[in-house]
Every structure is written in C-alpha cells, then in structure tokens.
Amino acid sequence: MDMKSTTLAGLARMRGSDDGIAAAARFNYPEGVAVDNDGAVSVADSYNCTIRRLTQAGAVTTLAGAASFCGSQDGAVTAARFNHPIGLAFDTAGNLYVSDFFNHAIRKITPAGIVTTVLGDSTSAGVRLGSFPASLGFPRSLAVRPDGQLVIADGSAILVTRGL
C-alpha cells in the first residue's frame, strides 16, 4: 500500500502557539490527537500546555488552557490549566479526556466547555485514588471502550476505570 501524507496545520520546525488557518497555525510539540463526531481533530499541544482544535476546514483554535501558562486549575476552558497534556480520547457523549502528564491526572472537557479532574492528583505521582484500584503516575495514552470505561497507559501499567 502506497500511503501519502498531507500537513493539515502548522509548519515543520516552526514552533509557537498561534491560532490560524492551516500553515499559519503554530504548535509546540503536539503529541496526542483525537477525532470527534464532526471530524474535527483535537490536539494535545504539550509544550504549550493547551488543547487545540483543528476543524475540517483547517482552522486551528485553542480549545482549553493558555499557551505557556501551565498548571492544574479546573473550570471553564479559558480558565483551566494543563501541565504537558499528552493523550486524548472522546467518549460517546462528546466528552474529551486528557492525560495530563505532569499533573499525574486524567482531565475531562465537557461539550459545554468545563474542565474537571476526574482521576489523579497534581501534587504527586502515585497518589491512591480512593476506590480506583491503582495510582496514577505520568499517564500517557488513553482510549474509551464501547462500554464507557477509560483505558489508561500509565508509567508502568495499563489501567481501566470502573466508571467516571
């Protein structure tokens, strides 16, 4: 199979945080991507500490967080802060889950634009999570099973939620 690729947004070796159309947009180490039901691509823009959205028309906007302002604050997408987001996954309700690497947490962005921490604790890696059977320490990749369970690739284990 002869596979070809096309750049959807950004420009090689040109880092930044600019929103814009296609090549006018800038990213700083985009790591994870997830596609929603409308075909838009969400991007974990890790070094910018933001979640970006790329429409099918090529428009890039900052969905959550603020470039160069890392943190762990929950709230509206404009007030929320992330610290090296890496993995992304959508559930069937349109919620976007984010593995927030240096916050040792899984965050959720609702379709209404609210960010909450659903697992983990930004104060230290390996924190026990109540009824959750394991600890989080540097979560990476995410996937959502058809039954809604979240599967997490963590520092040294594969975890699955029992409901969020």
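Colleague: Which strands form the open sheet, and in what order?

Modeller: The open sheet is made of five strands in the order β1-β5-β4-β3-β2, and the pairing is antiparallel. β1 and β2 stand at the edges with a single partner strand each, so one side of each has no neighbour in the sheet. As for how to read this, strands of a sheet pair through backbone hydrogen bonds, either parallel or antiparallel. Here strands are DSSP runs (E, at least two residues; helices are H or I runs of at least four), numbered from the N terminus, and two strands pair if DSSP finds at least two bridges between them. This is a predicted model, in which local features need pLDDT of at least 70 and side-chain atom pairs count only at pLDDT 80 or more, while totals for chains, interfaces and linings use all residues. Residues are numbered from 1 along each chain as its sequence is written, and side-chain values use heavy atoms, with hydrogens and water left out.

Colleague: How many bridges join β2 to β3, and which residue stands opposite P30?

Modeller: Strand β2 (residues 30-35) and strand β3 (residues 41-45) run antiparallel and are joined by five bridges, with P30 standing opposite D45 in β3. The hairpin of β2 and β3 has five residues between the strands, and in it G39 takes a positive phi near 90°. At β1, the pairing with β5 is antiparallel over two bridges, and I21 stands opposite A59 in β5.

Colleague: How many salt bridges does the structure hold, and which residues are linked in a network?

Modeller: A salt bridge is a side-chain nitrogen of Lys or Arg within 4 Å of a carboxyl oxygen of Asp or Glu, and the structure holds six of them. D19, D45 and R52 are linked in a network of such bridges. R52 meets D19 at 2.9 Å, N to O; R52 lies in strand β4 (residues 50-54) and D19 in the segment before β1 (20-21), so the pair ties together parts that are 33 residues apart in sequence. R52 also forms a salt bridge with D45, where the closest N and O atoms are 2.7 Å apart.

Colleague: Is R52 buried or exposed, and how does one read D19 and D45?

Modeller: Buried means under 20% relative accessible area and exposed over 50%, with partly exposed in between (1.4 Å probe, protein chains only). By that reading R52 is buried, at 1%, and D45 is buried too, at 0%, whereas D19 counts as partly exposed, at 39%.

Colleague: Where do D74 and R107 lie?

Modeller: D74 lies in the loop between β5 (59-64) and β6 (75-76), and R107 in strand β9 (residues 105-109), so their pair ties together parts that are 33 residues apart in sequence. Their side chains meet in a salt bridge of 2.9 Å, N to O. D74 is partly exposed at 32% relative accessibility, while R107 is buried at 1%.

Colleague: How many aromatic pairs does a search of the whole structure find?

Modeller: The search finds four aromatic pairs. Rings of Phe, Tyr and Trp (its six-membered ring) pair if their centres lie within 6.5 Å, and planes under 30 degrees apart count as stacked, over 60 as edge-to-face and the rest as tilted. Y29 and Y47 form a tilted pair, 4.3 Å centre to centre with 45° between the planes. Y29 lies in the loop between β1 and β2 and Y47 in the loop between β3 and β4, so this pair ties together parts that are 18 residues apart in sequence.

Colleague: Which residues make up the largest nonpolar core?

Modeller: A nonpolar core is a set of buried Ala, Val, Leu, Ile, Met, Phe, Trp, Tyr and Cys residues joined through side-chain atoms within 4.5 Å. The largest has twelve residues: A34, A44, I51, A64, V77, A80, F82, L88, L96, V98, I109 and V115. Apart from this core lies another, of nine residues, among them Y97, L150, I152 and L159.
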